[in-house]
Amino acid sequence: MEADGGPPSSEAPDDRSQRGSIASSAALTRAQDVVIYLVGDFAPVPLTVEGLGVVSVQELARDVRQALRIPEAAQDAFALWLCSPLLELQLKPRHQPYKLCRQWQDLLYRFTEASAEDISQDEPCLQYRRNVFYPKSKELLVEDPGVLRLLYEEARGNILSDRYPCDPDHWTGLGALALALDEGPHLDTQTLAAVLKEKKLVSFLPASVAFGAGGLLSTLRGRGRRQAALEHKLLDEYRKTCSGASDGPSLLHQYLGTCHALPYYGSAFFSGEIDRPAQGLLQRARRKAVSVGVSLDGVYVMDVKEKHVLLGLLFSQLSWDHSYPEEEGDSHVLWLEFDGEEDGTAVNKLLKIYSKQAELMSGLIEFCVELSSPSGGVASAAPQDGAGGEEAAPRPEEEEPGKGRGGRRGRLSRQDSVVCSRVQNLSTISYVDTGKEIKRLKPRRAASFFSRQNTAPAYATVQLGDGLEQG
């Protein structure tokens, strides 16, 4: 994720803080202590660094790889991130973490909607985690148990926190694999029941599943019946998974392979909002919170509350743009343009994503498109840029054979799976490009005197680069 070009740096964090990962000191040329955090329950990696004020991410990452004994074949699997509850940034090799820490408050004002109080109390830590630009095809070749465990812990955290929405067949299988990895693959029923009673279902199943759709109160109302059903389902899957002899690396490969079926696996995630479709004449326009995942393959817009995909597009199926606020009070907007249908007419659809991180999303999309071009080389060695932050799964949209640049593709898949797009739940702008001018389609319902109408901004078709197909 590009973090350069921010406002002038703010004051340095409090030297006495216990939460930061970088020890502040006036004498930055002396050897200083640095702590690099890992995802999961791993102990942090302590380092002693000379010239902390000017040390680069590339140098720090090399020291971390040596401390963790990461093999050379997997050295590109991880990257250094600067993270807090408010913002996550994958750093470029040339970045200097200490200087970015001094700019952290300015970055929060620029890229988040956090309050001044929250910003003043926020402090980042350095985290060593999966590289957005590491292809899943290379990850499948990893054999080192330490690397597999690091990748597994991060993937498991994203599953349990609902960052990766998944269907019952996925979360049941993943929960059983996690149970086998934690407790061993050959436990009897009585021991398994005791483990689940002690660790709770939330240790193995996504929070939305373990607590139920209504949250904790809903779980408490039907606690016994619901928990018994989930435990029974998890134990059955555990027995199927562990019916044969399985070692740790094999189980880790199974877990990561199942996660690879989720098209947004390995994405950098951003926060934003989209317009809600109008539900009635008198309803005021509101917005829905979304999470936007950008991976090497495409863009995925997910409903934060409902935990499912609203729109999934491969890069070959979209055009995009980023617009800055024109007036005070306006928002940064990421525009996603894709093929659709309106009353039997083939149209172009535009989705507006309101977010201060639109600039970061646009930059990451552009870089991923360049990597996926023939000259980019996705499977190349360490990338020179940073980020934001399937085959087994239903594709977000399938391209008809024989359709070239600008060709019209099939309709988006609409299934019950949380992975599939729900275009019907989106408030989009539809238009037809006649080649001379863009014609907006007439709304299905006449505008009401009582409804609040938002004036649609002028929008021209995105100019495409050499590495992007018309979407």
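**Before you start**

This is a predicted model, in which local features need pLDDT of at least 70 and side-chain atom pairs count only at pLDDT 80 or more, while totals for chains, interfaces and linings use all residues. Residues are numbered from 1 along each chain as its sequence is written, and side-chain values use heavy atoms, with hydrogens and water left out.

**The whole chain**

Select the protein chain, whose secondary structure comes to 13 helices and 14 strands; helices (H or I, at least four residues) and strands (E, at least two) are DSSP runs, numbered from the N terminus. Of its 471 residues, 49% are buried, where buried means under 20% relative accessible area, exposed means over 50%, and partly exposed lies in between (1.4 Å probe, protein chains only). The accessible surface comes to about 23,500 Å², and 48% of that surface belongs to carbon and sulfur atoms; such areas come from the Shrake-Rupley method with a 1.4 Å probe, and for residues only the protein chains shown count as cover.

Next select residues 57–68, the twelve residues of helix α1, which at 1.5 Å a residue should span 16 Å, in agreement with the 16 Å between its end C-alpha atoms; the expected span is 1.5 Å times one less than the number of residues. Colour V57, L60, A61, V64 and R65, which are the buried residues to look for in α1. These residues lie on the same side of α1, because they cover an arc of only 140° around the axis, the arc being that of the directions from the helix axis to the C-beta atoms. On the face turned away from that buried side you will find the exposed residues Q58 and Q66. If you then show what covers the buried residues of α1, the elements include β1 (31–38), β2 (45–50), β3 (78–83), α2 (97–102) and β5 (125–130), with contact taken as heavy atoms within 4.5 Å.

Now step to R69, which sits in the loop between α1 and β3. Its phi is near 60°, a positive value in a residue other than glycine, and R69 is exposed, with a relative accessible area of 72%.

**Helix α8 and its ends**

Select residues 189–199, helix α8, in which L192, V195 and L196 are buried. They cover an arc of only 95° around the axis, so they are on the same side of α8, whereas the face turned away carries the exposed residues Q190, K197 and E198. At the N-terminal end, D188 caps α8, with a side-chain oxygen 3.2 Å from the backbone nitrogen of Q190. After α8 comes K200, whose phi is positive, near 75°.

**Two cysteines**

Show C166 and C259: the sulfur of C166 is 7.9 Å from the closest cysteine sulfur, in C259, which is too far for a bond. The structure holds zero disulfides, a disulfide being a pair of cysteine sulfur atoms within 2.5 Å. C166 counts as buried at 11% relative accessibility, and C259 counts as buried at 0%.

**Last stop: R422**

Finish at R422, in the loop between α13 (358–372) and β13 (429–433), where this arginine counts as buried at 10% relative accessibility. A polar atom of the R422 side chain lies 3.1 Å from the backbone oxygen of S417.

Key:
Polar contact = N/O pair within 3.5 Å; in protein donor to acceptor, adjacent residues only side chain to side chain.
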